[in-house]
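Thanks for coming. I'll take one structure today and go through it piece by piece. Please have the sequence and the model open while I talk.

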Amino acid sequence: MMSLSGLFLITFLLVHLGVNLTLFIGKDTFNGASHFMATNPVIQVMQFVLAAGFIFHIIMGIWLELKNRASRPIKYAKNNAAANSGWASRNMIYTGILVLLFIVLHLKDFFVQIKFGEVHDDYELVTQLFKNPIYVLIYVVAFVLLGIHLSHGFQSAFTSIGARVPKYLKCVKNLGMAFSYFIALGFSVIAIYFYFA
Ligand code: HEM
C-alpha cells in the first residue's frame, strides 16, 4: 500500500511538473492549463483522491517508522548501517517530513490563494512569488530533498511490488535516479528562472 500510494504520488508529480513547465511557453498557455486543471470535472474528483493519497502515504510512513523503531528497542552495540544501505533510504522519514512542511507552505501560497483568494491570474501569482530570493531558496532546498526522497522511494516501490527482479534491477535503479534528477531539476529550474526573469 505504501508503494502503490508512492507510485500514485509519482504520477501526480509528473503531471504537476508537466503543467508547470508550460510557464516557459507563456502566460496564456500556463493560465489555460491551470484553468483546465481547476475546472475539469475529472481533475476535481482526482483532487480528493490525491489528498487521500497524500494523507495515506504520510500516515503509513510515520506508522512504519514507529514500527521499525519499536522492533529494536535495544540498540546495536556497534552498527555500521552505511555498509549496506544508502543515506536516502535511512532518512526517508526526515526527508518526507521536510517535504510535507514544504507542501503546507506551498498549498497556503498557491492552492488556497487560487481557490479561495482574489487571484485572477495564476501566472502572475507564480512569477511574483519567485521574485523573493528567500522563497526561491526554500523551494529549491525542498526540491533537492524531494529528489533525495524519490531516489530511494522510486526503486523501493518497485521492490515492494515485486518488479525489482535481477533482470530489471539496473533498469529500475537507473530509471529511479533519472526520475529523481528530472523532478528536482525540473521544478528548481522554474523557481530559479522566474527569479532572474
Ligand atoms: C516550481 C515548482 C512548483 C510550482 C510553480 C507549483 C505551482 C502550483 C500551483 C499554481 C498550484 C495551484 C493549482 C490550482 O489549484 O489551480 C499548485 C498546487 C499544488 N501543488 Fe504545486 N507547484 C510546484 C511544485 C510542487 C511540488 C514539488 C509538489 C509536491 C511535492 C507540489 C504539490 C502541489 C499540490 C499537492 C497542489 C494541490 C493540488 C492541485 O491543485 O493540483 N507542487 N502548485
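**What surrounds the ligand**

Sorted by class, the shell around the ligand has 13 nonpolar, five polar and two charged residues. For the classes, Ala, Val, Leu, Ile, Met, Phe, Trp, Tyr, Cys and Pro count as nonpolar, Asp, Glu, Lys and Arg as charged, and the others, Gly among them, as polar.

Before going on, two points of housekeeping. This is a predicted model, in which local features need pLDDT of at least 70 and side-chain atom pairs count only at pLDDT 80 or more, while totals for chains, interfaces and linings use all residues. Residues are numbered from 1 along each chain as its sequence is written.

Back to the ligand. There are 20 residues around the ligand, and the closest are A38, F110, F111, F187 and I190. A residue counts as near a molecule or strand if its C-beta atom, placed from the backbone, lies within 6 Å of it. Which helix gives the most to the shell around the ligand? Helix 5 does, with eight residues. At least two shell residues each come from helix 1 (2–21), helix 2 (27–39), helix 5, helix 6 and helix 8 (166–196).

Now the chain as a whole. The protein chain has eight helices and zero strands, and along the sequence the pattern reads α-α-α-α-α-α-α-α. Helices (H or I, at least four residues) and strands (E, at least two) are DSSP runs, numbered from the N terminus. Taken along the principal axes, the C-alpha atoms of the protein chain fill a box of roughly 60 × 35 × 35 Å. Of the 197 residues in the protein chain, 17% are buried. Buried means that 20 or more other C-beta atoms lie within 10 Å of the residue's own, exposed means 12 or fewer, and partly exposed is in between, with C-beta atoms placed from the backbone. Taking contacts in the protein chain between residues at least 6 apart in sequence, 78% join residues at least 24 apart. Two residues are in contact if their C-beta atoms, placed from the backbone, lie within 7 Å.

The axes are lines fitted to C-alpha atoms, for helices over the stretch in contact, and angles run from 0 to 180 degrees between N-to-C directions. Angles under 35 degrees count as roughly parallel, over 145 as roughly antiparallel, 65 to 115 as roughly perpendicular and the rest as oblique. From helix 5, D109, F110, Q113 and I114 meet D122, L125 and L129 in helix 6. By class, that contact of helix 5 with helix 6 divides into four nonpolar, one polar and two charged residues.

In the second pair, the axes of helix 1 and helix 7 (residues 133–160) come within 9 Å and cross at roughly 135°, so helix 1 is oblique to helix 7. On the helix 1 side the contact is made by M2, S3, G6, L7 and I10, and on the helix 7 side by G153, F154, S156, A157 and S160. The contact of helix 1 with helix 7 has five nonpolar, five polar and no charged residues.

Third, helix 7 and helix 8 pack at an angle of about 170°, with their axes 8 Å apart. That makes helix 7 roughly antiparallel to helix 8. Their contact has 20 nonpolar, six polar and one charged residue.

Last, a few single residues. Leaving out residues up to four places away in sequence, Q155 touches R164, V172, K173 and G176. Between the C-alpha atoms of Q155 and T127, which are 28 residues apart along the chain, the separation is 34 Å.

H120 sits in the loop between helix 5 (92–116) and helix 6 (122–129). H120 is exposed, because it has 9 other C-beta atoms within 10 Å. H120 and N31 are 89 residues apart along the chain, and their C-alpha atoms are separated by 9.5 Å.

A51 lies in helix 3 (residues 41–70) and counts as exposed, with 11 C-beta neighbours inside 10 Å. From A51 to L9 is 42 residues in sequence and 9.9 Å in space, C-alpha to C-alpha.
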